[in-house]
Amino acid sequence: MLNVAVFGSGRGSNFAAIVNAIEDRRLSGVRIAVVISNNSGAGILEIARTRQIPAVHISQKQYADGVQYHAALLRILEEHGADFIVLAGYMKRVPDGIIQRYRNRIINIHPALLPKFGGAGMYGMRVHEAVIEAGEKYSGATVHLVDEEYDRGAIVLQKRVAVTSNDTPESLAARVLAIEHEILPSALRLFAEGKIVVNGNAVVVH
Ligand code: GRF
């Protein structure tokens, strides 16, 4: 069983896609241990509460320094028995100590075909604006391992979608989001089934 802690800052549609996959029995071997958000008003916390899943608001602002914040975050993960982390629209940096502790057991969903259109500042509508601006023929979504470098971890799953000539950032975002909701549960299923092997900076799916 994968005991997953989900980190998110926003509406939580990717989290909902995971929970729906579990409830519809399309995803087994995965249990959401806790949902953590830096934003007390985030939709993702509300979705967790309606499903009786532990929902925790924690922000670095509540702590005197990064060390205490990091310790508090780690305590929450330990108290809930989390052995895997999913970043689903999480806008804050995960402390390096937690990345080390959960090495190769943290994944993130990004709304573009990494390594293109990733990195600091590349999030939300900005990604889709940049893809259209660049005249890309394709975009898509990527599930990747999280390491200390933003959006640079090894790719686990990727799926592409054609960019049409009359696409707006909003219309493209909607099609990419549908792909996110498909590949994030699929990636979790691969981890739960033990099919993901990490060799250095490469992921091999068995
Ligand atoms: C998604 O587009 C995801 O790719 C990005 O942030 C957004 C989160 O959306 N990291 P939601 O909160 O899961 O609806």
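Buried means under 20% relative accessible area, exposed over 50% and partly exposed in between, using a 1.4 Å probe and protein chains only. This is a predicted model, where local features need pLDDT of at least 70, side-chain atom pairs count only at pLDDT 80 or more, and totals for chains, interfaces and linings use all residues. Residues are numbered from 1 along each chain as its sequence is written, and side-chain values use heavy atoms, without hydrogens and water.

**View 1. Asp167 in its loop.** Asp167 sits in the loop between strand E7 (155-162) and helix H6 (169-192); helices (H or I, at least four residues) and strands (E, at least two) are DSSP runs, numbered from the N terminus. Asp167 is buried, at 9% relative accessible area. Its side chain makes a polar contact of 2.6 Å with the side chain of Arg175. A polar atom of the Asp167 side chain also lies 2.8 Å from the backbone nitrogen of Thr164. A polar contact is a pair of N or O atoms within 3.5 Å; within protein, one must be able to donate a hydrogen and the other to accept it, and residues adjacent in sequence count only if both atoms are side-chain atoms.

**View 2. The shell around the ligand.** Residues surrounding the ligand include Gly10, Ser13, Asn14, His110 and Pro111. Helix H1 (13-23) and strand E5 (106-110) each contribute at least two shell residues.

**View 3. Polar atoms at the ligand.** For Glu180, a side-chain N or O atom is 2.6 Å from a ligand oxygen. A ligand nitrogen lies 3.1 Å from a polar backbone atom of Ile109.

Technical notes:
A residue is near a molecule or strand if one of its heavy atoms lies within 4 Å of it.
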